[in-house]
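I opened the model to look up helix packing, a few loop residues and some contacts. My entries follow in the order I made them.

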Amino acid sequence: MSQLTELPSWKALWSHFTRARDWHMRALFEADPQRAEKFWLEQSGLRLDYSKNRITHQTMTLLLQLAREAGVPERIRAMFAGERINTTEQRAAFHIALRNRSGQPMGIDGEDVMPRVLGVLERMARFSDAVRNGEWLGYTQQPITDIVNIGIGGSDLGSLMVCEALKAHAHPRLNMHFVSNVDSSQLKETLRRVHAETTLFIIESKTFTTHETLTNAHTAREWFVHRARDPAAVARHFVAVSTNRKAVGEFGIDPANMFEFWDWVGGRYSLWSAIGLPIMLYIGEKNFLDLLSGAHSMDQHFRDAPLESNLPVVLGLLGVWYINFFGAGSHVIAPYDQYLHRLPAFIQQLDMESNGKRTTLDGRLVDYETAPIIWGETGINGQHAFFQLLHQGTHISPIDFIASLDGRGSLPGHHEILMANMFAQSEAFMRGRNADEVRAELQAQGLDQAAIEHLLPYKVFDGNRPSNTLLLERLDPFCLGALVALYEHKIFVQGVVWNINSFDQWGVELGKQLAHTILAELEGRSPPQAHDASTQRLIQLYLQSNRGPRAGA
Ligand code: F6P
């Protein structure tokens, strides 16, 4: 039996759950006219309505007790103190220092990291100013028009998501491209759209050993040198972001063109570091600093606010309630904002790579569920695709609706439709539609009794499907920074409750090692190795299909 399941609050929650599972939110709203005000929080330009959850005041009291008993306050303090809370890698998880705008020191083992953080920020600002104002010239003395970011996972998704989200703030001369996939079609299509003379490549990799990234980077450099006909021109067109100075040098990028970050920054938590260079280039220093300030504001709230009004804590605990008690295996991110279309993918990595674990901090296997499967899409598109399952399917998947309140930048009439749909969906998920309502509606449409009874079971919606509504004052750098930090800390809170390390990712290793072995076989560098019969057969088929000259050769 694990420690978590032995906690008094855990047991109390189970006994509470035996009653709570039968509540309908409709009844909860009817019973308490103040419900929407009670389950409402505001912070750092964000408003959270969490009233459409299967909770009462007592549920929240017990969940908050669980947070205390699981040691959430102590672990928050440990994170902010720079303790090595990433215990399997013996590192701090100190991304909060990257956006520390307080002017106060923040240290790991007594060493203030802020001078280094601010030093890199200053270099990033100088470089991006030079590119943006046209002082940084390519090898034919032309300003940069296109930026190609080569990286994957945390060295791609954060910058990609933010650049898409803040497109409205972009420099008018700069086009951003992101290449993450080692499938050459992505790089090929990107290179078709850019010119060597005016393109800047940013090679982003924390380790600078990631095979996909280095392969794309080498191919991009060959493409470039072939056109520039001068390897010295690389210095004007290639920069790197990494923690691995040696490997960057070996790749052939001048250390003067390298922006560093540190091992205490996890890949999926790194957009605030030099990994955010594409963001700064695209939206400028001031906007990038506003992004950091939004995150910093959420950090201060997370560190200082009492648990009951602490947004990341509340969101994290609601997740625990559904995952561990209702058995919800997935969670939907549904932004009603096209600019946020990569947010689901970003949060998917953040959450699933952080909390997709089954071993506790003391090395035991958990006997409870941990991270849910995170998925999603822009909500309005989701409505016309997968929301059917969310309304009437057999799974319960809590939903986060996310949108900005201020629609004044929108074309006339559009934002109202968007928001009407989002509010309607959250209402529909909560209320459902019962048999009496269906009957009344069908009668009003003039259907006879037999037709009504035939259609009835299909048209009833149980409702009682939980959702949170997160409203940004507007989609600007500050609010976006706060939103991302909110999810980072929510995930941390859940990791603490589950007693797992949210900051390692050992689960990605095995596939990488096996790919290494199989690649040598596919390239004919190694004889066939012992594999299972299925893998063996697939390898053979591939080898047979690729005999003979390459297409286009
Ligand atoms: O394989 C997973 C992973 O290590 C992620 O955690 C990371 O964000 C990504 O690969 C890229 O790693 P790197 O920045 O070292 O290239």
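**Entry 1: conventions.** I took axes as lines fitted to C-alpha atoms, for helices over the stretch in contact, with angles from 0 to 180 degrees between N-to-C directions. Helices (H or I, at least four residues) and strands (E, at least two) are DSSP runs, numbered from the N terminus. The model is predicted, so I note that local features need pLDDT of at least 70, that side-chain atom pairs count only at pLDDT 80 or more, and that totals for chains, interfaces and linings use all residues. Residues are numbered from 1 along each chain as its sequence is written, and side-chain values use heavy atoms, with hydrogens and water left out.

**Entry 2: α23 and α24.** I looked up how α23 packs on helix α24 (residues 533-545): the angle is about 35° and the axes are 10 Å apart. The crossing of α23 and α24 is right-handed; a crossing counts as right-handed if the near helix is turned clockwise from the far one by less than a right angle, and as left-handed if anticlockwise. For contact I used heavy atoms within 4.5 Å. On the α23 side, Ile518, Glu521 and Leu522 meet Thr535, Ile539, Tyr542 and Leu543 of α24. By class, this contact of α23 with α24 has five nonpolar residues, one polar and one charged. In that scheme Ala, Val, Leu, Ile, Met, Phe, Trp, Tyr, Cys and Pro are nonpolar, Asp, Glu, Lys and Arg are charged, and the others, Gly among them, are polar.

**Entry 3: α22 and its partners.** Which angle do α14 and α22 make? Helix α14 (residues 277-304) packs on α22 at about 40°, with axes 7 Å apart. That makes α14 oblique to α22; under 35 degrees counts as roughly parallel, over 145 as roughly antiparallel, 65 to 115 as roughly perpendicular, and the rest as oblique. The α14/α22 crossing is right-handed. I listed the residues that meet: α14 gives Asn287, Asp290, Leu291, Ser293, Gly294, Ala295, Ser297, Met298, Asp299 and Phe302, and α22 gives Pro477, Phe478, Leu480, Gly481, Ala482, Ala485, Leu486, His489, Phe492 and Val493. The contact of α14 with α22 divides into twelve nonpolar, six polar and two charged residues.

I then checked α15 against α22, where the axes come within 8 Å and cross at roughly 55°. That makes α15 oblique to α22. The crossing of α15 and α22 is right-handed. Residues of α15 in this contact include Leu311, Pro312 and Val313, and those of α22 include Leu486, His489 and Val493. The contact of α15 with α22 has nine nonpolar, four polar and one charged residue.

**Entry 4: α5.** Helix α5 (residues 57-69) has 13 residues and reaches 18 Å from its first C-alpha to its last, close to the 18 Å expected at 1.5 Å a residue. The expected span is 1.5 Å times one less than the number of residues. In α5 I found Thr59, Met60, Leu62, Leu63, Leu64, Leu66 and Ala67 buried; buried means under 20% relative accessible area, exposed over 50%, and partly exposed in between (1.4 Å probe, protein chains only). The buried residues of α5 pack against α1 (3-6), α2 (8-20), α6 (72-80), α15 (311-326) and α22. After α5 comes Gly71, with a positive phi near 90°.

Entry 5: Most residues other than glycine have a negative phi. Gln141 has a positive phi near 65° and sits in the loop between α8 (114-132) and β5 (146-150). At 56% relative accessibility, Gln141 counts as exposed. Asn499 has a positive phi of about 60° and belongs to the loop between α22 (477-497) and α23 (509-522).

**Entry 6: single residues.** Is Leu28 buried or exposed? Leu28 is in helix α3 (residues 25-31) and counts as buried at 13% relative accessibility. Leaving out residues up to four places away in sequence, Leu28 touches Trp23, Arg35, Asn53, Ile55 and Thr56. Leu28 and Asn53 are 25 residues apart in sequence and 9.6 Å apart, C-alpha to C-alpha.

Asn181 is in the loop between β6 (175-179) and α10 (184-192) and counts as partly exposed at 41% relative accessibility. Beyond four places in sequence, Asn181 is in contact with Gln186 and Asn216. Gln186 lies in helix α10 and, at 26% relative accessibility, counts as partly exposed.
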